Amino acid sequence: MVLKAVWGLLIILSVSSSWVGTTQIVKITYKNFYCPFFMTWFSTNWNIMFFPVYYSGHLATAQEKQSPMKKFRECSRIFGEDGLTLKLFLKRTAPFSILWTLTNYLYLLALKKLTATDVSALFCCNKAFVFLLSWIVLKDRFMGVRIVAAIMAITGIVMMAYADNFHTDSIIGVAFAVGSASTSALYKVLFKMFLGSANFGEAAHFVSTLGFFNLIFISFTPVVLYFTKVEHWSSFAALPWGYLCGMAGLWLAFNILVNVGVVLTYPILISIGTVLSVPGNAAVDLLKQEVIFNVVRLAATIIICIGFLLMLLPEEWDEITLRFINSLKEKKSEEHVDDITDSNIHLRSRSRANGTVSIPLA
């Protein structure tokens with residue numbers, strides 16, 4: 001447990017730092033280069049490296065080494081007993097690749113309209129959307145506290161739009177951020193529905209497969225956007241390759257850390273690391289003087305974060321809380337009995353010292 005806690009602390013700091021770094025690099029890149037779909041496509045291609053990174057870790061830590069193809073076939077069982085076939089590659093990968101691209105693309109669009117703090121806070125609403133979709137689609141257990149959390153998330157969204165007096169850019173930015181959170185929630189629910197739970201190797205295989213699908217089938221989209229002048233740049237040499245590679249690298253690191261953290265530590269700590277990106281982005285925005293926190297914006301951010309944390313409560317949280325309260329009461333009553341016993345012993349010892357004996361009544 002101590003080792004898991006130590007790993008958890010490191011993972012929390014790494015997850016929040018990578019997400020804050022990704023968001024802030026995007027904001028810096030937008031100053032001279034605004035091509036959100038190209039940036040989404042470019043960073044998604046880096047997912048191909050997920051499985052090689054996982055296999056390198058396998059070679060470094062496993063006692064029984066496996067060949068790359070044997071490990072690849074073993075991890076491809078996430079697609080079924082027959083492994084990864086062309087039919088399953090198209091059938092299972094296509095919808096998840098589209099949702100992945102939409103999530104990241106809408107997130108980048110929101111960063112153009114809102115501050116990094118607002119977007120990261122609104123994206124935390126995806127936990128509430130996951131619960132609502134799981135309750136409706138997967139028939140998960142109903143939890144009143146999570147309904148309260150969902151209401152808090154919706155309240156925070158409305159307050160975030162109101163923070164700028166429902167300005168057009170603000171409303172559009174909020175819509176993009178909420179759309180990104182919604183597609184992220186849909187991705188997670190559909191993954192659980194069709195693919196179930198996955199270990200680290202299977203997750204690495206699946207994310208790398210998404211990267212291959214993006215490279216093969218989505219590459220025509222940035223080409224079309226380039227020639228239609230929607231997302232155009234003068235030359236490839238003029239592209240900010242340093243910022244693009246930094247953004248893609250941090251995005252890949254975030255995805256790897258999230259999956260590694262589930263193996264090395266407690267999953268709840270990964271979620272805490274995600275929500276800590278909100279105060280992290282707020283600190284950077286304040287240092288850059290890009291945001292002025294009025295009462296409404298600050299209250300909306302706090303409400304969304306509290307709703308996110310309420311979503312992390314386990315399903316048996318009420319039973320756990322009652323057991324904890326009862327244990328405290330029992331401990332307090334035992335201490336009270338011990339105090340009475342000690343006081344009685346002290347009184348008897350004083351009576352004997354004074355030469356008197358107390359005779360108990362029948």
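**Aromatic rings in a helical protein**

Tyr187 and Phe191 are both buried (under 20% relative accessible area with a 1.4 Å probe, counting protein chains only). The two residues sit in helix H9 (residues 168-194), four residues apart, or about one turn of the helix. This is a predicted model, in which local features need pLDDT of at least 70 and side-chain atom pairs count only at pLDDT 80 or more, while totals for chains, interfaces and linings use all residues. Residues are numbered from 1 along each chain as its sequence is written, and side-chain values use heavy atoms, leaving out hydrogens and water.

The protein as a whole has 16 helices and zero strands (DSSP runs numbered from the N terminus, with at least four residues of H or I for a helix and at least two of E for a strand). Of its 362 residues, 44% are buried.

The structure contains 31 aromatic pairs (rings of Phe, Tyr and Trp, the last by its six-membered ring, with centres within 6.5 Å; planes under 30 degrees apart are stacked, over 60 edge-to-face and the rest tilted). What makes the pair of Trp19 and Tyr107 tilted? The ring centres of Trp19 and Tyr107 are 5.2 Å apart and the planes stand at 50 degrees, so the pair is tilted. This pair joins distant parts of the chain, with Trp19 in helix H1 (residues 2-29) and Tyr107 in helix H5 (residues 86-113), 88 residues apart. Trp19 is buried, at 5% relative accessible area, and Tyr107 is buried too, at 3%. Tyr187 and Phe191, by comparison, form a stacked pair, with 6.4 Å from centre to centre and 25 degrees between the planes.

How values were computed: Buried means under 20% relative accessible area, exposed over 50%, partly exposed in between (1.4 Å probe, protein chains only).
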